[in-house]
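Please look over the structure shown here before reading on.

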Amino acid sequence: MDIQARYFDGDSALPVQATISLDNRSHSGLLAITDVGRGREVAHWPIAQVQQFSFQKHELRVGCETAKPGARLVITEQEDIRNFLNAVPELNAHRRRHNGKQFQTIAVATAALSCVIAAYIFGVPLFARQIVSAIPIEAEVAFGKRVVTQVENALGGGGPLQDCDTNSRSVANLAIERFSQDVLEQSGSSFPVTVSVVQSEIPNAFALPGGQVYYFSALLELTNSPDEFASVLAHEIGHVVNRHGMEQLVSSSGTGLLVSFILGDATGLSAGAIVGAALIDTRFSRDAELEADAFSLLASQSINYDAAALPNLLDRLGGDDEAMAAFALLSTHPMNDERRERLQHDIEHSASILPAFSQDEWRAIKTMCGASFAPSKQK
Amino acid sequence: MTISDLNMTQESPQSGEVNFSGSGWKMAGLLIPGYLLMIPTLGLYRFWQVTQKRQFYWSRTSIDGDSLEYTGSATQLLFGFMLAILLFVPIAGLYLWLSTQDQNSIIAGYAFIAVGLYFLAGYAEYRARRFRFTRTLWRGLRFAQTGNAWNFALRRFFWSILVLGTAGLAYPFMRANLFKYAWNNTYFGDRKFEFTGSWKTVGVPFFKVYAFFVAISILFFIAAFQVSQTVSSIGIAFAPIMILLGFLVSSFYLRARIPSRLYSELQIGDARLSVRVKARSLIWHVVLYAIWLLIALIGVGIVVAIFLSAAQQSFASFEAANLAQFGQLGGWQIALAILGYLAVIATFGLLAETLIALGYWQAVARDARIENAQDLRTVRGGDGDESPIAGEGLADALNVGAY
């Protein structure tokens, strides 16, 4: 059995046209490599130490553990490759071992990455909370001021958002302030909360880091009762007290890093990275919504108004396709049945509940953005 | 011996020829399973895919009758990338800190990071080049690269500033200087490469194109302000088309001419490389790419249309369906959307790799040869080893470097 091959000794770049023959001088067998041109043996490799490199169909490349690292036999004729593999059956085992090892590496790496992702998704809300609790409230308030400027510029078309009622001593503003203080007091938080009812055609309400809460006039128009208004306000104050804005900031930068790793694009600028990060962050914001709902519920029980009003407003918004579209796109409030059910389930109906705002206060709030007041019939 | 055997013997590479035997179809056969395996491995299979791709290119490229061998492994790429990610942890922290600052600081901060990353990309590029060269084996000997990656990064950085400041006029100097630095630090075994060209190597084709665009701009300027109303309006109407066409043609011309001229100035001992890539073969690759992309997009469009109509039907039978529910699609719809997105990305990648990247490699190999190749037989092994893995990982993370 003579196999044609190119032989390189790993020491010089001189190619040697060689024939390989099996030599049984030792127990385990040797590959005798003969230089065809000079007609003499140039090397002999113990079969047990022959390694395969480059797993390609069109050429077989083998080396030898005890030879120079670059030493190679390169066999290109299909028949010679077959003969060689028959003569050195250990190569198949070697290749299987190599493939097995690669498979193992991939499996371990994938498992490790899955663990990291799972730990991230379940651990980051806790981790983010830890980090945020280390940030002093004053720092968040200072940061919040800058965010307010940015958000107002973005939503107000370059200028600040227009307050519906600029008089801070008006009936409406005083009532809102009193309610906010009550909610804060029952929660034991010392966060400075500012509620602004502003002109906007988007039916939305949201809280920013540092304590600024917005209630848009379009949402106020859709709000039918003082308790609905109170529930939404308490919900937003819940975001402030739980510092969800800061948590979101921390966790989303972590998400970016994780998604970058999975997609292999550390700059995080590809569409996949942005969408992927958004998908994971949605999960966190949903948790935050449920927490704010729970806060709102607790406030209603403590102050003694009807928290069932929030599900009513959610239902009405959910039923209005047009409003819903804008709402779903812009807000951090993913409406879902789970959330509504949970709220309705947790509400204990007490006989002695009173509206969160008096009739006069509610009239003042309802009309503060210029709308006319038509008292709705309560069930 | 049949006639085809005779032909094969005659066609087999004679002295000094460079040959690439791979085809786009074979490459696709290697890439598609790789893309599929990326799903269960959460993307980690890309390191194995890249390794297979390199083995494909290397093993099917033969120089003077002997093929190259890529000796790197996927695990090296994986660990290199993990090391590089560590660098991005403080950058993510910096982003976080920046986002709590005022608007001007944010803009300044992002600009600072972008400049820093651009500088780092030069470092990564040089280290990645070293990673690949030290893992390239030909005739039993590996290539090596000396020089300092920080030095290279600094040169690239300051040259880039100069190029910006001179409206591109300094580009040939930059390109030749960096090329010279990289290749004069490159070895095959114990023998050093030498770049015998100068800025003129890049400058001759570059300034021709530059002068062409300056001339066109002047012409349009004159047409717009000096000549009668009708002539100038025709000129203004045609200007964008002419400029776009000029950019297209000249980009192919430069992509063919500059590397050809640069690589033809490489010498190692008495052996000398000669490369002549033709611009029209590069244009042909892009035309093919566009045709296949169109076919692929039509295919994707049909699949999406089928999916949407199916979705519409299932919603039509569902009373309470509204936009809110559509916005809250369940897990499987999101999974489907992600898969669709990945499929589109994979298609783009597949076509770009099999047509543009492979086509370019093919064009370079076909039109390259080595004069005095027999001189390479006297090269002895150098004492270099495979370089550390960090540089390649960084290049991977920063998306620099091809193949």
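Helices, as named in this text, are DSSP runs of H or I with at least four residues, numbered from the N terminus. The model is predicted, and the features below are computed from it.

Three helices of chain B, namely H2 (24-38), H10 (279-316) and H12 (331-366), each give at least two residues to the patch. H12(B) provides the largest share, four residues. Residues need over 30% relative accessible area to be part of a patch; Leu336(B), at 37%, is partly exposed.

Which residues line the second largest cavity? They are Leu293(B), Ala296(B), Leu297(B), Val300(B), Val344(B), Thr347(B) and Phe348(B). H10 and H12 of chain B each contribute at least two residues to this lining, and the largest share, four residues, is from H10(B). By class, six lining residues are nonpolar, one is polar and none is charged.

The charged pairs come next. Over all chains, the structure holds 19 salt bridges. One of them joins Asp66(B) to Arg6(A), with the closest N and O atoms 2.6 Å apart. This pair crosses between chains, from strand S3 (residues 66-70) of chain B to strand S1 (residues 3-8) of chain A. Is Asp66(B) buried or exposed? At 5% relative accessibility, Asp66(B) counts as buried, whereas Arg6(A) is partly exposed at 22%.

Other salt bridges lie within chain A. Asp35(A) pairs with Arg38(A), the closest N and O atoms being 3.0 Å apart; Asp35(A) is buried, with a relative accessible area of 7%. Glu361(A) pairs with Arg178(A), the closest N and O atoms being 2.6 Å apart. This pair links distant parts of the chain, 183 residues apart: Glu361(A) is in helix H12 (residues 359-367) of chain A and Arg178(A) in helix H4 (residues 171-187) of chain A. Glu361(A) is buried at 15% relative accessible area, while Arg178(A) is partly exposed at 34%. Finally, salt bridges with shared partners join Arg6(A), Asp64(B), Asp66(B) and Arg139(B) into one network.

Note on methods. Residues are numbered from 1 along each chain as its sequence is written. Chains are lettered from A and ligands numbered from 1 in the order in which they are written. This is a predicted model: local features need pLDDT of at least 70, side-chain atom pairs count only at pLDDT 80 or more; totals for chains, interfaces and linings use all residues. Side-chain values use heavy atoms; hydrogens and water are left out. Buried means under 20% relative accessible area, exposed over 50%, partly exposed in between (1.4 Å probe, protein chains only). On a 1 Å grid over the protein atoms alone, a cavity is a set of points where a 1.4 Å probe fits but cannot get out, and a pocket is an open set with protein on both sides within 12 Å along at least five of seven lines; lining residues have an atom within 4 Å of a point. Ala, Val, Leu, Ile, Met, Phe, Trp, Tyr, Cys and Pro count as nonpolar, Asp, Glu, Lys and Arg as charged, and the others, Gly among them, as polar. A salt bridge is a side-chain nitrogen of Lys or Arg within 4 Å of a carboxyl oxygen of Asp or Glu.
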